[in-house]
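Thank you all for coming; I would like to take a few minutes to walk through the side-chain contacts in this structure. Please have the sequence and the model open while I talk.

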Amino acid sequence: MTVTLQMPPGLEARVRDEAMREDLPADAIILRALAQVYPEAPPGHIGDRASAREVELLEKVGLGLTDDQWRRYWELREKLENDALTLAERSELLVVSENIERANATRMTHLVELANLRNVSLSRLMDELGLGNGREARGGSANE
């Protein structure tokens, strides 16, 4: 569901400040606050309805590179494979690759916690969330 909110400037500034402090999108901060006010289930409840912590973890799992950043990454990778990468592009690829690795490591810690909350295996949780091995993002098959 999409909802447009009209916020007083002071509240908007506080939401944006909190989002920057936590390195989250502003809508994640708003969703977390709403989940606390309107919980679907008692805090810590594990079942069909997500707890506030589950919502928070799902939001963090969804964070990552933008489409433009992924597109640039795959451009650089293709140049690397074709031996057409400049020295500056090699440095850029290294930085982007390190960012991806850090984001993936962080994402995995959130996935492990979420799997534990739901009392399922990590592989089952990843299947349920539709998380593959990353090849789908560039149009490849999972068997590559």
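Predicted model: local features only at pLDDT ≥ 70, side-chain atom pairs only at ≥ 80, totals over all residues.

**Salt bridges, aromatic rings and nonpolar cores**

Let me begin with charged side chains: the count comes to 12 salt bridges, a salt bridge being a side-chain nitrogen of Lys or Arg within 4 Å of a carboxyl oxygen of Asp or Glu. Residues are numbered from 1 along each chain as its sequence is written, and side-chain values use heavy atoms, with hydrogens and water left out.

One of the bridges here joins Arg-71 to Asp-68, with 2.7 Å between the closest N and O atoms. Both residues belong to helix H4, three residues apart, or about one helical turn; helices are DSSP runs of H or I with at least four residues, numbered from the N terminus. Arg-71 is partly exposed at 47% relative accessibility, whereas Asp-68, at 53%, counts as exposed; the cut-offs are under 20% relative accessible area for buried, over 50% for exposed, and partly exposed in between, with a 1.4 Å probe and protein chains only.

Which residue does Arg-72 pair with in a salt bridge? The partner of Arg-72 is Glu-92, and their closest N and O atoms are 2.9 Å apart. This pair links distant parts of the chain, with Arg-72 in helix H4 and Glu-92 in helix H5 (residues 87-118), 20 residues apart. Lys-79 and Glu-89 also meet in a salt bridge, at 2.6 Å from N to O, and since Lys-79 lies in helix H4 and Glu-89 in helix H5, the pair ties together parts that are 10 residues apart in sequence. Is Glu-89 buried or exposed? At 11% relative accessibility Glu-89 counts as buried, while Lys-79, at 31%, is partly exposed. Arg-72, Glu-75, Lys-79, Glu-89 and Glu-92 are linked in a network of salt bridges.

Turning to the aromatic rings, a search of the whole structure finds two aromatic pairs. In one of them, the rings of Trp-70 and Tyr-73 have centres 5.7 Å apart and planes at 85°, so the pair is edge-to-face; by definition, rings of Phe, Tyr and Trp (its six-membered ring) pair if their centres lie within 6.5 Å, with planes under 30 degrees apart counted as stacked, over 60 as edge-to-face and the rest as tilted. Both residues lie in helix H4 (residues 67-81), three residues apart. Tyr-73 also forms an edge-to-face pair with Trp-74, at 4.8 Å centre to centre and 70° between the planes, and Trp-70, Tyr-73 and Trp-74 form one aromatic cluster. Within it, Tyr-73 is buried at 10% relative accessibility, but Trp-70 is partly exposed at 29%.

Finally, the nonpolar cores, each a set of buried Ala, Val, Leu, Ile, Met, Phe, Trp, Tyr and Cys residues joined through side-chain atoms within 4.5 Å. The largest has eight residues, including Leu-57, Leu-111 and Met-126. The elements that give two or more residues to this core are helix H3 (52-61), H5 and helix H6 (122-129), and its largest share, three residues, comes from H5. Apart from it lies another core, of six residues, among them Leu-76, Leu-85, Leu-93 and Val-96.
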